[in-house]
Amino acid sequence: MQNLFLSALAFSVAADAYGSGAAGWDAAYSKARAVLPKLNQTEKVGIATGVGWEGGPCVGNTYPASSINYPSLCLQDSPLGIRFANPVTAFPAGINAGATWDRSLLYARGVAMGEEAKGLGVHVQLGPVAGPLGKNPNGGRNWEGFSVDPYLSGVAMEETIQGMQDSGVQACAKHCGNEQEHNRDTMSSNIGDRATHELYVWPFMNAVRANVASVMCSYNKLNETWACESDAILNDLMKDELGFPGYIMTDWNAQHTSVNSALAGLDMTMPGSDFNSPPGSIFWGPNLVQAVANGSVPQARLDDMATRILAAWYLLGQDQGYPEVTFSSWNGGKAAADVTGDHATVARTVARDSIVLLKNQEHTLPLRQPKSLAIIGQDAIVNPNGPNACGDRGCNTGTLAMGWGSGTSEFPYLVGPLDAIQVQARKDGTNIIQSTTDNTTAAVSAAASAETAVVFINADSGEGYITVEGNVGDRNNLDPWHNGNELVKSVAAVNSNVIVVVHSVGPIILETILAQPSVKAIVWAGLPGQESGNALVDVLYGSTSPSGKLPYTIAKQFSDYGAGWNSGLDDNFVEDLFIDYRHFDKNGIDPRYEFGYGLSYTTFNYTGLVVSVAATAGPSNGRIVPGGAEEIFESVGTISIGVENTGEVAGAEVAQLYLGLPDSAPSTPPKQLRGFQKLNLQPGEPGTATFELTRRDLSYWEVQTQKWVVPSGTFIVYVGTSSRDIREDGKFTVT
């Protein structure tokens with residue numbers, strides 16, 4: 001019993017400490033503690049317990065507490081829009097938002113999603129996503145997150161969360177260590193402590209720093225313990241080391257015990273049962289009431305659960321005039337009000353600015369009133385049965401605008417590429433010749449009759465509870481789907497001016513396509529959401545210069561990544577720190593298109609690197625604030641560089657800062673992203689990109705001391721337009 005009393009004391013002390021973390025949490029905790037004595041045991045447990053699958057209008061619903069006028073919380077997917085409701089905006093996927101490298105757009109997308117969630121009465125929107133981070137290039141759910149780089153992902157998490165929560169909805173950061181779909185319910189992600197901190201937890205530090213209300217633990221085990229029952233992850237890392245003041249919920253049916261999960265730091269179970277009828281796996285509810293009554297779970301632990309959940313509710317002001325839930329997930333999701341507002345504009349802008357121009361030989365793009373265009377491939381059109389014909393988008397028919405699984409929403413409409421191109425063609429007097437199947441014979445006929453051929457190909461993936469064309473969530477390979485390589489080859493054989501448009505969840509191998517001399521341009525459009533065609537036309541015809549940059553590396557062959565989903569019982573994360581561009585740099589592998597790469601219709605010149613950094617070597621200490629030790633977030637100076645638009649059209653450039661740590665930091669990647677800024681510049685206009693650095697940006701995680709440590713020695717500064725196209729370099733020394 002002594003250990004239980006010590007645990008109860010620790011929970012109480014930890015909860016007291018959280019009130020001083022960040023603006024807003026103090027008052028929220030004060031309100032939560034003030035009402036806690038009014039709750040009986042059943043109400044406290046109900047606040048932490050889901051009512052069961054399909055037990056309420058949302059995918060997750062808690063029990064109300066009438067004594068304090070606390071409602072049944074509505075928790076609803078997804079990270080790109082509101083699942084199972086309509087009409088809502090189908091925003092571009094997280095991976096597209098990351099490809100914009102634009103803080104203001106990431107924030108605006110978060111604001112718009114939050115407004116829609118609140119308008120529908122959703123209290124907790126289940127996103128954004130930083131796990132999977134994307135170490136496996138064929139991971140099924142990578143597209144739900146923002147980037148394989150933890151720094152870019154962290155900034156995207158922070159901006160998105162701030163936007164969502166500024167709109168009044170609770171955000172939920174999810175789900176660390178969930179890097180593949182195969183065996184996700186049984187496997188263990190065995191991650192080294194340093195890689196855990198420097199890669200997989202890094203974006204969650206940003207999320208906690210942004211005052212995220214909740215965090216979701218994953219289905220899999222972490223280091224041989226179920227993620228939702230890991231004291232090391234939930235208590236030691238999230239609540240103690242990162243000072244997370246909010247609450248931790250399970251992924252749906254990811255709980256395995258009543259007592260152990262409570263003691264390990266779990267605060268909410270979702271959805272409260274399994275998916276069976278009648279429901280089973282009811283670990284909390286009356287079972288938690290009994291566990292507290294018999295002393296298996298300390299009273300202080302139950303009080304801590306309720307306090308954390310209530311504090312998040314108060315933090316977002318949801319106790320004052322919050323809308324009622326206006327839809328049901330189980331009867332078609334028709335909402336009582338249209339909450340979409342002007343969000344189509346945000347969706348289109350994100351989709352447009354996430355487009356990455358990979359190749360543009362002979363200035364093939366932008367198109368200039370072509371006489372004729374052949375539009376080829378099934379991916380050019382909307383699914384003839386409608387964009388929502390397949391539940392949770394679990395098929396690959398028609399143009400690809402989001403992946404499949406719980407991270408989806410219903411399309412209010414979907415503008416297909418052909419739809420939008422036809423509108424522009426009528427203005428230009430362009431003859432459109434269609435072959436909107438993947439039949440190579442028909443494609444050849446169309447391509448031979450046109451001045452230019454635009455071939456649409458795609459590659460899909462999603463969550464493992466749906467299998468699409470033999471892909472169990474994760475992709476089986478990195479080839480284009482539906483014989484996309486052969487489709488392009490057949491067209492390139494009969495047309496000397498071919499443009500390839502790729503809609504894809506992640507990297508595909510492009511070597512076959514690039515081997516065709518007639519392929520003059522490749523446009524990477526990702527998963528653009530409902531405004532797909534309109535955004536594409538903005539770039540194809542040059543009303544906007546492309547400005548997206550790759551949020552991952554495109555390799556020459558699959559094996560170059562040194563990673564892929566694991567078919568065994570466990571994944572031992574043998575890549576350690578060296579994933580994506582870190583792996584390519586360490587091993588001297590030439591990528592096809594490197595991380596951060598993207599062309600423009602204009603050109604940019606970099607000059608005048610200025611390094612003004614002053615830091616002292618050693619470990620970071622200080623009190624714990626949301627995000628970690630306060631000292632790691634202190635500014636240590638800036639690095640700046642001049643960027644000028646030297647071309648003839650307006651454009652946006654993403655200046656990128658990478659740091660190489662001194663040799664005193666053991667086994668560290670050659671360079672790591674530590675800053676970026678997107679500058680919108682008119683022709684001839686100069687600008688300045690300024691990157692502010694913190695101690696964390698200079699640090700590595702020292703396992704022996706369990707501290708972030710700034711190493712002594714010479715840091716190398718790289719600034720450029722991608723991870724390989726470095727325009728200026730410099731150095732600074734830390735002693």
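Trainee: How does α6 pass α8, in a right-handed or left-handed crossing?
Mentor: α6 passes α8 in a right-handed crossing. In such a crossing the near helix is turned clockwise from the far one; anticlockwise by less than a right angle is left-handed. Helices are DSSP runs (H or I, at least four residues), strands likewise (E, at least two), numbered from the N terminus.

Trainee: What am I looking at, and how are residues numbered?
Mentor: This is a predicted model, with residues numbered from 1 along each chain as its sequence is written. Local features need pLDDT of at least 70 and side-chain atom pairs pLDDT 80 or more, totals for chains, interfaces and linings use all residues, and side-chain values use heavy atoms, without hydrogens or water.

Trainee: Back to that pair. At what angle do the axes of α6 and α8 cross?
Mentor: Roughly 20°, and the axes come within 8 Å. α6 is therefore roughly parallel to α8. Axes are lines fitted to C-alpha atoms over the stretch in contact, with angles of 0 to 180 degrees between N-to-C directions. Under 35 degrees is roughly parallel, over 145 roughly antiparallel, 65 to 115 roughly perpendicular, the rest oblique.

Trainee: Which residues meet there?
Mentor: From α6 (residues 150-166), they include Pro150, Tyr151, Met157 and Ile161. From α8 (residues 202-209), they include Trp202, Pro203 and Arg209. Contact means heavy atoms within 4.5 Å.

Trainee: What about α15 and α16?
Mentor: Helix α15 (residues 440-447) and helix α16 (residues 484-492) have axes that come within 8 Å and cross at roughly 35°. That crossing is right-handed. Thr440, Ala443, Val444 and Ala447 of α15 make the contact with Glu486, Leu487, Ser490 and Val491 of α16.

Trainee: New topic. How much of α18 is buried?
Mentor: 8 of its 9 residues, so α18 (532-540) is mostly covered. Buried means under 20% relative accessible area, exposed over 50%, partly exposed in between (1.4 Å probe, protein chains only). Among the buried ones are Ala535, Leu536, Val537 and Asp538.

Trainee: What do they pack against?
Mentor: Two helices, α13 (343-353) and α14 (417-428), are on the list. So are the strands β13 (452-459), β16 (498-504) and β17 (519-524).

Trainee: What comes just after α18?
Mentor: Gly542, with a positive phi of about 85°.

Trainee: Which residues other than glycine have a positive phi?
Mentor: Trp101 is one, with phi near 50°. Asn253 is another, with phi near 70°.

Trainee: Where do they sit, and are they buried or exposed?
Mentor: Trp101 lies in the loop between α4 (94-100) and α5 (103-119). Trp101 is buried, at 0% relative accessible area. Asn253 is in the loop between β9 (247-250) and α10. Asn253 counts as partly exposed, at 26%.

Trainee: Where are the cis peptide bonds?
Mentor: One joins Gly127 and Pro128, with omega about 10°. Pro128 is in the loop between β3 (124-125) and α6. Another runs from Met270 to Pro271, with omega near -5°. Pro271 lies in the loop between α10 (259-264) and α11 (286-293).

Trainee: Last one. What are the domains?
Mentor: The assignment gives domain 1 (25-316), domain 2 (344-552) and domain 3 (603-734). Those bounds come from an automatic or database domain assignment.

Trainee: How many residues of domain 2 and domain 3 are in contact?
Mentor: 4 residues of domain 2 are in contact with 8 residues of domain 3. The centres of the two domains, taken over C-alpha atoms, are separated by 35 Å.
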